[in-house]
Amino acid sequence: MALAGPAPIASPLAELMPADLPLREHVQLQGLWHRYANATAGDWTLQGIDLALHQGELVGLLGPSGCGKTTLLRLIAGFERPERGSVLIDGRAVAGQGRWLPPERRGVGMVFQDYALFPHLDAWRNACFGLRRGQDSSRASWLLELLGLNGLEGRYPHELSGGQRQRLALARALAPGPSVVLLDEPFSNLDVEVRLRLRSELPAVLSRCGASGLIVTHDPEEALAICDRVAVLRDGVLHQCASPRQLVQHPATSFVGRFVLQGNLLPAQRCGEQVVTALGSLHAKAGSSLLPQGGAAGDSEEVLVSPEAIGLHPDAEGEAWVQGREFLGREWLYRVQLGDLKLRLRLPLEAEYSRGQRCRLTLRPGALGVLFPSQQALQVGPPAQRP
């Protein structure tokens, strides 16, 4: 019997529209803890992860190398068993709660960083590899057309470009009709133009197939650009899972602000209604007062400010100096050292300074910041006069 699904369309990716699907949870991770066999007793790779993936949603797993992103995918796919907690797929426990299902029975598709295509099989047989005996192959045919691979069915992987191999790997993962597709840094081996094109097409392809996606990346720009929500991990701990807009406007921790927004963290001290940093003072935004210090007693506070919030002033006696710069097309990204602080500044093209330039740094008037751990919004300048 043929698999249900949309008929192939003439211009597959240009005409895709998100499907109108009822919202339900495809994946639920509940209290997930994991460590590898050679780890010490307290050396957890993942610590108490709670996360849900809804139907038709693309969620990014973002964090530095070694934070547990790929391990999380392996637990969902069934390549690892969790030490504690459970994994549910479409409401069915597949790990934990006294149950264990092997990978082939979970209905999960996997797209690897290195594609993992079979070199001795042509594109058509690679695409059909995951189909069960007797299962209709029309979905594989539709996917090859959907992904722009029609006409290439007889080619072997070495005869395809990197982008075509990545599309073929996605077609193979989607052909059996999984509800969930796991992608482990799928675009990291592609050149910039192909990577940008494929990542922009991915959400539409998953939506058209009625599948949810969980994509591992270490690139904040990529995660914010294409994902419905982004889960930020560090040292096995989930710091925040939210929409890109929420992450940008309301980072839950200083690490989220630093890693995702590439912001600057400045050690801070309170002085009355002012928060004092090495670059200047900030105050609570108009209409509010400085909140009591958050966190445990004795915890240090720090202010997150954007690279645009800091001004650079050449000064031969200045305590800061320019470490380097990157040309971003319309502006410069400067790396500046001030004592133990390594800061990032975005400056206009006319602000051209050489490596080693001595300077002073200040907070720009009106610039915004966030005080952690209380997450209070701050602003540079004199406190607003309250009536």
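A nonpolar core is a set of buried Ala, Val, Leu, Ile, Met, Phe, Trp, Tyr and Cys residues joined through side-chain atoms within 4.5 Å. Buried means under 20% relative accessible area, exposed means over 50%, and partly exposed lies in between, with a 1.4 Å probe and protein chains only.

What you see above is a predicted model: local features need pLDDT of at least 70, side-chain atom pairs count only at pLDDT 80 or more, and totals for chains, interfaces and linings use all residues. Residues are numbered from 1 along each chain as its sequence is written, and side-chain values use heavy atoms, with hydrogens and water left out.

Start with the cores. The largest nonpolar core has 48 residues. Leu143, Leu168, Leu170, Leu174, Val181, Leu202 and Ile215 have the most contacts inside it. Another core, of 30 residues, lies apart from it, and includes Val275 and Leu361. Take Leu170. Contact means heavy atoms within 4.5 Å. Beyond its neighbours within four places in sequence, Leu170 touches Val111, Leu147, Val181, Leu183, Leu202 and Val205.

Now the domains. Bounds come from an automatic or database domain assignment. That gives domain 1 at 22-248 and domain 2 at 262-380. Their C-alpha centres lie 37 Å apart.

Next, the helices. Helices (H or I, at least four residues) and strands (E, at least two) are DSSP runs, numbered from the N terminus. Helix H3 covers residues 138-146. Its buried residues are Arg139, Ala140, Trp142, Leu143, Leu144 and Leu146. They pack against helix H2 (123-127), H4 and helix H5 (192-209). Just after H3, Gly148 takes a positive phi of about 75 degrees.

On to Arg172, in helix H4, residues 162-174. What is the nearest side chain of opposite charge to Arg172? Asp114, 7.5 Å away. Lys and Arg count as positive, Asp and Glu as negative; His and the chain ends are not counted. Arg172 is buried yet has no salt bridge, meaning a side-chain nitrogen of Lys or Arg within 4 Å of a carboxyl oxygen of Asp or Glu. Setting aside neighbours within four places in sequence, the contacts of Arg172 include Tyr115, Ala116 and Phe129.

Ala116 sits in the loop between strand S7 (108-111) and H2. Its phi is near 55 degrees, a positive value in a residue other than glycine.

Last, the loop between strand S21 (368-372) and strand S22 (376-380), which holds Pro373. A cis peptide bond joins Phe372 and Pro373, with omega about 15 degrees. Gln375 is in that loop too, with phi near 65 degrees.
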